[in-house]
Amino acid sequence: MSGVRASGALAMREVRRLGRQPLRIVVAIATPAMMWLFIASGFSNSIRPDTLGSDAGSLTLYLLPGMASLVVLFNAIFASISLIEDRHEGFLQAVLVSPAPRWSMAVGKLLGGGALGVAQAIILLALSPLVGATVTAGGVLSAFVALACLSLGITGLGLAAAWKIDSASGFHGVMNLVFMPMWLLSGAIFPVEGASGWLRALAIANPLGWCQRAVAAGLDGRVDTLALLLSGVFAATGVALVLLVMVVAGRGGPREASSVGD
């Protein structure tokens, strides 16, 4: 089997797996949607639009890119945990000894998880015209590209971590220690422009903030070229990292890799 066909088969397997787990779709979309509803409706009178530090005309619109990125983040977490489940069920070992090149496994998992994250985030972003977003062709395309970069980058990071971790509980530790703080510091809930210097420096260095800024610009009908370029760098980093860990450094197989969860 060629590497391309193997990658496609593994990516489609991720899609079919999601279809068999409808609760996963509900959790990935409903949780950010509920947070969006509660925060936007509960704090709309407490936060003035001019304090948001962006072009968003309301708190509801300001929060939307962050909620879309949370959908992508949840899907990246699910995709990463599925890698651990594949290992425990023996599927991963079967793929490793198959004639398919090892890179096809990394690419298939990355494309499957990344595509699902973008598709579900688009469902939430489709509501943007209802909350005052400016819809332009360039803005829509820019938001889509930024979401794709975000999904590839964060899914790549998650898969690389899951390759080294042998238990779902161990991966949850990584999620709480790394991924959720990254999301909180991306400007998803509060603007970082008025934060203290050290916190603003962390936010500026946070790649999720780059993608968030590009998506927010897209919802404003603009194209933030710098944010898009930085988002592309994040996506390339995620792809390179997962290939490095799963193909180059992991030639001995996942069992031989160091296991945090053991």
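Let me start with a question: is A115 buried, partly exposed or exposed? A115 is partly exposed, because its relative accessible area is 47%, and the middle class runs between the 20% and 50% cut-offs. Keep in mind throughout that this is a predicted model. A115 lies in helix α5.

Staying with α5, I turn to its pairing with α2. Helix α2 covers residues 22-43 and helix α5 covers residues 102-125; their axes come within 11 Å and cross at roughly 40 degrees. That angle makes the two helices, α2 and α5, oblique to each other. The crossing of α2 and α5 is right-handed. Who makes the contact? On the α2 side we have R24, I25, A28, I29, P32, A33 and W36, and on the α5 side L116, Q120, I123 and L124. Sorted by class, the residues of this α2 and α5 contact come out as 9 nonpolar, 1 polar and 1 charged.

R17 sits in helix α1, residues 3-19. Is R17 buried or exposed? R17 is buried, because its relative accessible area is 6%, and the cut-off for buried is under 20%. Setting aside residues up to four places away in sequence, R17 touches R24, S82, D86, E89 and K109. For a sense of distance, R17 and A216 are 31 Å apart, C-alpha to C-alpha, and 199 residues apart in sequence.

Helix α6 spans residues 137-164 and helix α7 spans residues 168-184; they pack at an angle of about 140 degrees with their axes 10 Å apart. Why are α6 and α7 called oblique? An angle has to be over 145 degrees to count as roughly antiparallel, and theirs is about 140 degrees, so α6 and α7 are oblique to each other. In handedness, α6 passes α7 in a right-handed crossing. From α6 the contact takes I154, L157, G158, A161 and A162, and from α7 it takes F171, V174 and F179. By class, the contact of α6 with α7 holds 7 nonpolar residues, 1 polar residue and no charged residues.

Between these two helices there is a loop, and S167 lies in that loop between α6 and α7. S167 is buried, at a relative accessible area of 14%. What does its side chain reach? The side chains of S167 and S169 are joined by a polar contact of 3.3 Å. The S167 side chain also comes to 3.0 Å from the backbone nitrogen of G170.

Q212 is buried, with a relative accessible area of 7%. Which residues is Q212 in contact with, leaving aside neighbours within four places in sequence? They are P65, G66, S69, S186, G187 and A188. With G187 there is also a polar contact to point out: a polar atom of the Q212 side chain lies 3.5 Å from the backbone oxygen of G187.

To recap the residues, R17 is buried, S167 is buried, Q212 is buried, and A115 is partly exposed. That is all I have.

How values were computed:
Residues are numbered from 1 along each chain as its sequence is written. This is a predicted model: local features need pLDDT of at least 70, side-chain atom pairs count only at pLDDT 80 or more; totals for chains, interfaces and linings use all residues. Side-chain values use heavy atoms; hydrogens and water are left out. Helices (H or I, at least four residues) and strands (E, at least two) are DSSP runs, numbered from the N terminus. Buried means under 20% relative accessible area, exposed over 50%, partly exposed in between (1.4 Å probe, protein chains only). Contact means heavy atoms within 4.5 Å. Axes are lines fitted to C-alpha atoms, for helices over the stretch in contact, and angles run from 0 to 180 degrees between N-to-C directions. Angles under 35 degrees count as roughly parallel, over 145 as roughly antiparallel, 65 to 115 as roughly perpendicular and the rest as oblique. A crossing is left-handed if the near helix is turned anticlockwise from the far one by less than a right angle, and right-handed if clockwise. Ala, Val, Leu, Ile, Met, Phe, Trp, Tyr, Cys and Pro count as nonpolar, Asp, Glu, Lys and Arg as charged, and the others, Gly among them, as polar. A polar contact is a pair of N or O atoms within 3.5 Å; within protein, one must be able to donate a hydrogen and the other to accept it, and residues adjacent in sequence count only if both atoms are side-chain atoms.
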